[in-house]
Amino acid sequence: MDFCGKKGRVVLKLPYYVGEQILMTKKVRIMTAAYKNIELSGADAKNVRGFFADLDRTDSILHNHTEEGADIYRYPKIQYKVLHGTPMIVAAEEGIRSIHPHLMEQTSLRIGSRVYSDTALDIHLSERPVGDSREVKSYRFLTPWLALNQKNYQQYRKASEEEKEAILTRALIGNLLSLCKGFQVTVERRLEVTLDLDSKKVLYERNPMEGFTGRFKVNCCIPNLLGIGKGTARGFGTVSLTGDEEKDEIN
């Protein structure tokens, strides 16, 4: 069965052209695949990624590395997560085509030193908008958001509370623009952000880092369960709608 279907229809919110058509909102195909009979810890997300990445090192979409091992810097279209103890793979667009055959072929999963033979999958397919929103939307982080890089972390440490919020606001806007760019969407509206976050120490590649949990509001459409920030392929920065808009695809 072809889970990719037909190419997603592009929806323009305003007829705006500069040389070529500029997309401001686009519907993208999303697949979530959850192993509901397997329970893991959040730290195992990297091992889930490692298992599937090793199945085909020639397909860079699975792991975002060249065959020589160099990083490919782009928004990951396959993201490996553990949400509420459930290992899950969230794939978008061409990522669906890359990961789906491997999901269907596996009769067992090796996660670290453990082997799991119950590989029953709960697969959900949808189309979600990404890009500009006329309305402000409320989101929460299901996993810690890694907002800071080496440069702005030093600025953040020395900043006042007001300056810290400004640094995180800029980081969030930058992450959202990167996500949209990954789907060939140009955001034309000014993004307005409200943050309500808590700091949390996390380990990333065995290094301690500052992560953030909590909620935020922004006039931007983010497909449910995709991630933003550093480490999204390993499950960091996973975003979910809140309130009446929330779509809980785990339960």
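This is a predicted model: local features need pLDDT of at least 70, side-chain atom pairs count only at pLDDT 80 or more; totals for chains, interfaces and linings use all residues.
The chain comprises 251 residues, and 51% of them count as buried. Its secondary structure consists of four helices and twelve strands. Among the contacts in the chain with a separation of 6 or more, 71% are accounted for by residues 24 or more positions apart.

Strand S4, formed by residues 25-34, is mostly covered, with nine of its ten residues buried. Two strands pair with S4. Strand S9 (residues 122-145) runs antiparallel to S4 and is joined to it by ten bridges; within this pairing, Arg29 stands opposite Glu127 of S9. Strand S6 (residues 86-92) also pairs with S4 in the antiparallel sense, here over five bridges. In that pairing, Thr32 has Val90 of S6 as its bridge partner.

S6 is in turn joined to strand S5 by six bridges, and the two strands run antiparallel. Leu83 has Thr86 in S6 as its bridge partner. The hairpin of S5 and S6 has two residues between the strands, and His84 in this hairpin takes a positive phi near 55°. S5 is mostly covered, six of its six residues being buried. In a regular strand the side chains alternate between the two faces of the sheet. Burial in S5 extends to both faces: Ile78, Tyr80 and Val82 are buried on one side, and Gln79, Lys81 and Leu83 on the other.

Within S5, Gln79 is buried, with a relative accessible area of 0%. Its side chain reaches the backbone oxygen of Pro76 at 3.2 Å. When neighbours within four places in sequence are left aside, Gln79 is in contact with Met88, Ile89 and Val90, and also with Leu225, Leu226, Gly227, Thr232 and Ala233.

Helix H1 spans residues 45-53, and its buried residues include Ala45, Val48, Arg49, Phe51, Phe52 and Ala53. The elements that cover the buried residues of H1 include strands S5 and S6, helix H2 (94-105) and strand S7 (109-111).

Helix H4 contains 22 residues (residues 161-182) and, at 1.5 Å a residue, should span 32 Å; its end C-alpha atoms are 32 Å apart, in agreement with this value. The buried residues of H4 are Lys164, Ile167, Leu168, Thr169, Ala171, Leu172, Asn175, Leu176, Leu179, Cys180 and Gly182. These buried residues pack against S9, helix H3 (150-158), strand S10 (193-204) and strand S11 (207-221). Just after H4, Gln184 takes a positive phi of about 60°.

Cys180, one of the buried residues of H4, has a relative accessible area of 1%. The structure holds zero disulfides. The closest cysteine sulfur to that of Cys180 belongs to Cys220 and lies 4.2 Å away, which is too far for a bond, because a disulfide requires the two sulfur atoms to be within 2.5 Å.

Pro223 lies in the loop between S11 and strand S12 (239-241). At 1% relative accessibility, Pro223 counts as buried, since the threshold for this class is under 20% relative accessible area. With neighbours within four places in sequence left aside, Pro223 is in contact with Val28, Ile30, Arg128, Pro129, Val130 and Leu179. Leu179 is among the buried residues of H4. Although Pro223 and Leu179 are 44 residues apart along the chain, their C-alpha atoms are separated by 9.9 Å.

Definitions and conventions: Residues are numbered from 1 along each chain as its sequence is written. Side-chain values use heavy atoms; hydrogens and water are left out. Buried means under 20% relative accessible area, exposed over 50%, partly exposed in between (1.4 Å probe, protein chains only). Two strands pair if DSSP finds at least two bridges between them. Contact means heavy atoms within 4.5 Å. The expected span of a helix is 1.5 Å times one less than its number of residues. A polar contact is a pair of N or O atoms within 3.5 Å; within protein, one must be able to donate a hydrogen and the other to accept it, and residues adjacent in sequence count only if both atoms are side-chain atoms.
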